[in-house]
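Hello,

Here is the structure I promised to pass on. Please open it next to this message and follow along.

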Amino acid sequence: MRPSRMRLSHKIVLVFLFTSLLVGFTVLRTPSETSEPGASPADKAMEDLSRVEYPSLKAIKWHPHFIQPNQTLETLFGNDWTWVARFNRIDRRHVYPGMTIKVPDNMADIRGYTPLPRFYEPARRHDKYILVDLTEQWLGGYEHGKLVISVPAATGRAEAPTPTGQFRISARDQNHTSSLYKTQDDSEQYPMDNAMRFHIDEKSVGYWIHARDLPGRPASHGCIGLYDEAMQKRVFGFPDKPVLLDSEKVYAWAVGEADYEDDSGNLEELEDAPEVEVRGELPRYLPQSPFRR
């Protein structure tokens with residue numbers, strides 16, 4: 001009787017294993033609609049950038065791309081990676097497997113892309129004029145109405161909005177750090193390289209244009225952040241070779257030594273610095289990707 005019971009137990013185990021393998025094979029061969037690569041529908045981290053709606057993109061054909069393991073902007077797009085980064089308002093440090101980005105159907109459509117007008121009438125009488133469009137998450141620098149600088153930005157989140165209206169840069173600080181916020185690992189005060197203060201509110205809180213991370217959506221506590229991979233390498237150790245240096249470029253153009261004499265690198269009050277216009281509302285974050293079926 002003992003050998004017979006052993007054979008029966010073996011049969012039960014074999015049936016269980018065969019059934020498990022059959023079910024697993026069936027699931028792998030016939031994925032459900034929800035198993036297709038894509039960010040979580042709940043998307044609390046807002047990692048599906050195809051859901052961030054920018055009005056200027058209506059004129060450009062694009063499709064979502066789900067970032068796979070070992071994929072980077074460089075491996076996907078070669079020398080065009082900088083245009084794709086700007087198109088998504090994102091830096092390399094924030095592109096990771098599991099997120100979704102926008103990719104143009106034709107790369108030529110985004111080389112030189114800008115959502116801002118090439119000529120802006122309100123800036124005509126100004127030597128230098130800064131326009132920040134919250135809806136497009138973009139900053140433009142104008143000289144007598146002509147667009148000469150055009151860069152993506154990360155403005156304040158809905159719960160910490162960037163103030164709108166007309167302002168003027170009143171101070172510069174090349175090596176500024178936040179007195180209120182720290183880096184993600186809480187190791188130091190958040191760096192705000194190439195900072196230009198454009199507003200102080202009724203609570204004496206200053207609002208600045210400065211270097212910061214760009215995650216592809218509004219993300220700041222009210223300031224206006226621009227690319228600066230040199231700052232990211234210094235603070236976070238990535239990327240190895242900085243390329244995107246918009247904050248340095250805008251700082252030098254707006255309040256650099258060419259117009260305001262030697263820069264000590266510390267806080268300096270300025271007079272007659274460029275006017276800053278902040279307009280619009282935050283971009284809509286769609287409940288689901290426009291490409292989701």
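Does Phe198 count as buried or exposed? Phe198 has 3% relative accessibility, so it counts as buried. Keep in mind that this is a predicted model.

**Aromatic pairs**

Phe198 has a ring partner. The count of aromatic pairs comes to six. One of them joins Phe167 and Phe198, in an edge-to-face arrangement. Their centres are 5.5 Å apart, with 70° between the planes. Phe167 belongs to strand β7 and Phe198 to strand β9 (residues 189-200), so this pair ties together parts that are 31 residues apart in sequence. Phe167 counts as buried too, because its relative accessibility is 12%, and the cut-off is under 20%.

There is also an aromatic cluster. Phe87, Tyr113 and Trp138 make it up.

**The sheet**

Now find the open sheet. It has five strands, in the order β6-β5-β4-β13-β7. The pairing is mixed. Which strands stand at the edges? They are β6 (146-152) and β7 (165-168). Each has a single partner strand, so one side of each has no neighbour in the sheet. On average, neighbouring strands here are turned by 20° against each other, direction ignored.

As background, strands of a sheet pair through backbone hydrogen bonds, and they do so either parallel or antiparallel.

Start with β4 and β5. Strand β4 covers residues 129-133 and β5 covers residues 138-143. They run antiparallel and are joined by five bridges. Ile130 stands opposite Gly141 of β5. Val132 has Leu139 in β5 as its bridge partner. The two strands form a hairpin with four residues between them. In that hairpin, Gln137 takes a positive phi near 55°.

Next, go from β5 to β6. This pair is antiparallel as well, over six bridges. Gly141 turns up again here: its bridge partner in β6 is Ile149. β5 and β6 also form a hairpin, with two residues between the strands. His144 sits in the turn and has a positive phi of about 50°.

Helix α5 (residues 246-255) lies across β4, β5 and β6. It runs at about 150° to β6.

**Helix α3 and what follows**

Move to helix α3, residues 81-88. How many of its eight residues are buried? Seven are, and the helix is mostly covered. Among the buried ones are Trp81, Val84, Arg86 and Phe87. Phe87 is also a member of the aromatic cluster with Tyr113 and Trp138.

Arg89 comes after α3 and has a positive phi, near 55°. Where does the charged end of Arg89 sit? It sits over the ring of Tyr54, 3.9 Å from the ring centre. Arg93 is placed over a ring as well. It lies over the face of Phe236, at 3.7 Å from the ring centre.

**Where to look**

Begin at Gly141, opposite Ile130 and partnered with Ile149 in β6. Then view Phe167 and Phe198 edge-to-face. Finish at Arg89, over the ring of Tyr54.

Best wishes

How values were computed:
Residues are numbered from 1 along each chain as its sequence is written. This is a predicted model: local features need pLDDT of at least 70, side-chain atom pairs count only at pLDDT 80 or more; totals for chains, interfaces and linings use all residues. Side-chain values use heavy atoms; hydrogens and water are left out. Buried means under 20% relative accessible area, exposed over 50%, partly exposed in between (1.4 Å probe, protein chains only). Two strands pair if DSSP finds at least two bridges between them. Axes are lines fitted to C-alpha atoms, for helices over the stretch in contact, and angles run from 0 to 180 degrees between N-to-C directions. Contact means heavy atoms within 4.5 Å. Rings of Phe, Tyr and Trp (its six-membered ring) pair if their centres lie within 6.5 Å; planes under 30 degrees apart count as stacked, over 60 as edge-to-face and the rest as tilted. A charge sits over a ring if NZ of Lys or CZ of Arg is within 6 Å of the ring centre and within 35 degrees of the ring normal.
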